Amino acid sequence: MRDLSLHILDLIENSIRAGASIISISVSQDPARDLMEISVEDNGRGLSVPTDVATDPFYTTKEGKRVGLGLSLLREAAERAGGKLTTGKSELGGAAVVATMRLSHLDRSPLGDLAATISSIVCTRPELDLRCRLLNGKRERVVRVSDESRRLGAGERCGLTLARIVAERIREGIAGMGFVE
Amino acid sequence: MGKKIKSVEDLNAIRDGARKGLDLRVSAREMQVTVHMGTCGIAAGAREVLLAIASELGEEGSSKVLLRQAGCAGLCDREPMITVVDKSGVEYRYGKLDGAKAREIVREHILGGRPVAALLIR
């Protein structure tokens, strides 16, 4: 994977496959602690195995497949940058996947285009309750697709306009956070 | 995990159910376009392909087409891939796409009705 926004897209796809209707994404940077953390939580079926099994590239829940690379690639990206990947249960009722990295680590993957990741989901699944939380020290911004959808009103025929607006909100949010790429 | 298939009848019932669902979804619109967004697809550029298709379709085109996402189609080396199912139910698989190729498929095939032979997976 080229950047973290693609890993996040992969995690969201996992959540959708697990039957989630609420998916909460968080990206935080804490320069004081030299920490970057990304997490995806949902209200889906959840993970029934511990982290070391879930991140085994030869573990998959899909029938007819022998490999499951998504989580193992993210674990590799986290460990490469002095961090780790943990999986567990979310307060939303489903799975929680959290990857930490050293913010200043030379091998840390860049964040990439988070707005494109979220809008690519919104344009085909506008009904999902997607929440995107951005954090940098004390600065915080939350973009909720359902809020934007309500603001847009019933005139909206498909997810395209909604996807465009959500992408703008996330771009504004990231610009206001002062994230390092 | 789905129900265990024990007889031909079970298999037929599953087929009919799936076909019914598909008919419902396809008949309301003209075409169905699926972007394969497994880990392999995402790593190869499926996000850009999906966004290119959505923007090329625009609001008007989107009302005639069912754009959806699915997982890996089993041909990871051909990603990014899309599957187009036309009004008559014929399936077309396109592979090794990028934004520009995806836009061409939208113009020529999805809106124009002419499959793009050079980009089809054989």
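What share of the 122 residues in chain B is buried? Hello everyone, the answer is 34%, where buried takes 20 or more other C-beta atoms within 10 Å of a residue's own, exposed takes 12 or fewer, partly exposed lies in between, and C-beta atoms are placed from the backbone. Please keep in mind that this is a predicted model, in which local features need pLDDT of at least 70, side-chain atom pairs count only at pLDDT 80 or more, and totals for chains, interfaces and linings use all residues. Residues are numbered from 1 along each chain as its sequence is written, while chains are lettered from A and ligands numbered from 1 in the order in which they are written.

Let's stay with chain B for a moment. Chain B has four helices and four strands, and along the sequence they follow the pattern α-β-α-α-β-β-β-α. Helices (H or I, at least four residues) and strands (E, at least two) are DSSP runs, numbered from the N terminus. The C-alpha atoms of chain B fill a box of roughly 45 × 30 × 25 Å along the principal axes.

Now to where the chains meet. Chain A brings 20 residues to the contact and chain B brings 15; two residues are in contact if their C-beta atoms, placed from the backbone, lie within 7 Å. On the chain B side, α2 (39-44), α3 (46-62) and β2 (65-70) each give two or more residues, and α3(B) gives the most, with six. By class, that side has seven nonpolar, five polar and three charged residues. Here Ala, Val, Leu, Ile, Met, Phe, Trp, Tyr, Cys and Pro count as nonpolar, Asp, Glu, Lys and Arg as charged, and the others, Gly among them, as polar.

What does α3(B) pack against, at an angle of about 135°? The partner is helix α6 (residues 159-177) of chain A, with the axes 9 Å apart. Axes are lines fitted to C-alpha atoms, for helices over the stretch in contact, and angles run from 0 to 180 degrees between N-to-C directions. α6(A) and α3(B) are therefore oblique to each other: under 35 degrees would be roughly parallel, over 145 roughly antiparallel, 65 to 115 roughly perpendicular, and the rest is oblique. Leu160(A), Thr161(A) and Ala163(A) meet Ala54(B), Glu59(B) and Ser62(B) there, a set of three nonpolar, two polar and one charged.

Ala54(B) turns up again in the largest nonpolar core, which has 75 residues. Such a core is a set of buried Ala, Val, Leu, Ile, Met, Phe, Trp, Tyr and Cys residues joined through C-beta atoms within 7 Å. Among those with the most contacts inside it are Ile8(A), Ile118(A) and Ile53(B), and α3(B) gives the most to this core, with eight residues. Beyond its neighbours within four places in sequence, Ile53(B) touches Val33(B), Val35(B), Leu67(B), Ala102(B) and Val106(B).

Over to chain A, where six strands form an open, mixed sheet in the order β3-β4-β2-β1-β5-β6. Its edge strands are β3 (85-89) and β6 (139-144), each pairing on one side only; pairing takes at least two DSSP bridges. α6(A) lies across β5 (129-136) and β6 of chain A, at about 175° to β6(A).
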